[in-house]
Amino acid sequence: MPDYPQMIAPTGHVEPVPRRVRAIMAGRTVLDTTRAVYVWEWPNYPQYYIPVADVDPALLVDEQQARPRKRGTAHQHGLRVGDTARPGAAQIYREDAAPGLADTVRFEWDALDAWYEEDEQVFVHPRNPYVRVDALRSSRTVRVELDGVVLAETSSPVFVFETGLPTRYYLPRLDVDFDHLVPSDTVTECPYKGRTSGYWSVRARDATHTDLAWSYDFPTRQLLPITGMVAFYNEKLDHVVDGQLLERQVTHFFR
């Protein structure tokens with residue numbers, strides 16, 4: 001059994017979104033609504049379904065394809081802004097949609113250049129309203145190892161508790177042995193933390209393990225305590241907290 005809280009919303013769950021939601025493509029506002037709904041297509045997080053009336057119709061391109069889906073018939077549309085085209089960017093649901101979803105549009109997240117809740121950019125996917133993310137400073141001792149090689153050890157970590165994921169341990173850079181870290185060009189984004197500013201592969205005993213450590217120099221304001229600190233994947237590395245070796249967890253990041 002995982003030692004952290006699990007997601008509670010079942011697949012197919014629908015809730016109203018109380019926030020203003022906007023999305024931009026090629027400098028144009030594609031959608032602007034205060035009437036979106038959350039739809040959980042899987043338990044980890046929802047997607048936005050947007051009322052058709054709140055989408056700029058001049059940007060939708062009917063691709064004349066309709067496919068049956070769990071939530072009704074999806075009428076496929078692309079997006080076009082000037083010379084920029086994004087085929088297959090949207091699915092419109094009509095009269096036969098599941099309750100509450102008639103005349104809504106489900107967009108492919110990456111088809112839009114930027115998404116906003118109110119005036120703050122959101123990355124990767126909508127924030128799950130049932131997820132809590134806390135960054136708490138601690139005086140517990142944390143050591144990170146791989147194959148017996150100590151990569152970092154500190155007594156001033158920040159613990160990040162996020163619903164649905166194991167606790168992440170962020171360590172001050174001064175307590176990380178960068179002789180074992182190899183800088184990577186990888187950049188990832190998180191709806192709760194923002195965009196990473198650093199990624200590293202781990203080198204231990206003549207083997208290099210790709211992209212196992214990361215850092216946020218400019219996290220979201222809720223996660224400011226992790227600014228500039230380094231975290232390692234619990235799934236792939238050994239973490240020892242106050243002398244106790246933690247069991248490696250299995251998450252959707254590593255199956």
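Predicted model: local features only at pLDDT ≥ 70, side-chain atom pairs only at ≥ 80, totals over all residues.
Let's start with Phe 159, which sits in strand E15. Is Phe 159 buried or exposed? Its relative accessibility is 4%, so Phe 159 counts as buried, the limit being under 20%. Now look at who surrounds this side chain. Setting aside neighbours within four places in sequence, Phe 159 is in contact with Asp 134, Ala 135, Leu 136, Ser 138, Arg 140, Val 142, Thr 167, Arg 168, Tyr 169 and Val 241. Take Ala 135 from that list: 24 residues separate it from Phe 159 along the chain, yet their C-alpha atoms are 5.6 Å apart.

In general, nonpolar side chains of soluble globular proteins tend to be buried together. Here the largest nonpolar core has 36 residues, and the ones with the most contacts inside it are Leu 151, Tyr 170, Ile 226 and Phe 232. Several strands give two or more residues to this core, including E12 (133-137), E15 (158-162), E16 (168-171) and E22 (230-232). Which strand gives the most? That is E20, with four residues.

Please click on Tyr 170 for a moment. Beyond its neighbours within four places in sequence, Tyr 170 is in contact with Pro 157, Val 158, Val 160, Lys 193, Trp 214, Tyr 216, Ile 226, Met 229, Val 230 and Ala 231. Two of those names come back together: Trp 214 stands opposite Ala 231 in E22. That pair is part of the antiparallel pairing of E21 with E22, which has three bridges.

E21 has a partner in E20 as well, again antiparallel, through six bridges. Arg 203 has Thr 208 in E21 as its bridge partner. The hairpin of E20 and E21 has two residues between the strands, and in it Arg 205 takes a positive phi near 50 degrees.

You will find Arg 71 in the loop between strand E6 (60-69) and strand E7 (72-81). What does Arg 71 touch, leaving out residues up to four places away in sequence? Its contacts are Val 39, Glu 41, Tyr 49, Tyr 93, Asp 96, Ala 97, Ala 98 and Leu 101. With Tyr 49 there is also a polar contact, side chain to side chain, at 3.2 Å.

Last stop: another open sheet of four strands, in the order E3-E2-E10-E11 and paired antiparallel. Its edge strands are E3 (28-33) and E11 (120-122), each pairing on one side only. On average, neighbouring strands of this sheet are turned by 30 degrees against each other, direction ignored. E10, residues 114-117, pairs with E11 over three bridges, and the bridge partner of Glu 117 in E11 is Glu 120. Thanks, everyone, and over to you!

Terms used: Residues numbered from 1 in each chain as written. Heavy atoms only, no water. Core = buried A, V, L, I, M, F, W, Y, C linked by side-chain atoms within 4.5 Å. Buried < 20%, exposed > 50% of the residue type's maximum accessible area, 1.4 Å probe, protein only. Contact = heavy atoms within 4.5 Å. Pairing = 2+ DSSP bridges. Polar contact = N/O pair within 3.5 Å; in protein donor to acceptor, adjacent residues only side chain to side chain. Axes fitted to C-alpha atoms, helices over the stretch in contact; angles between N-to-C directions.
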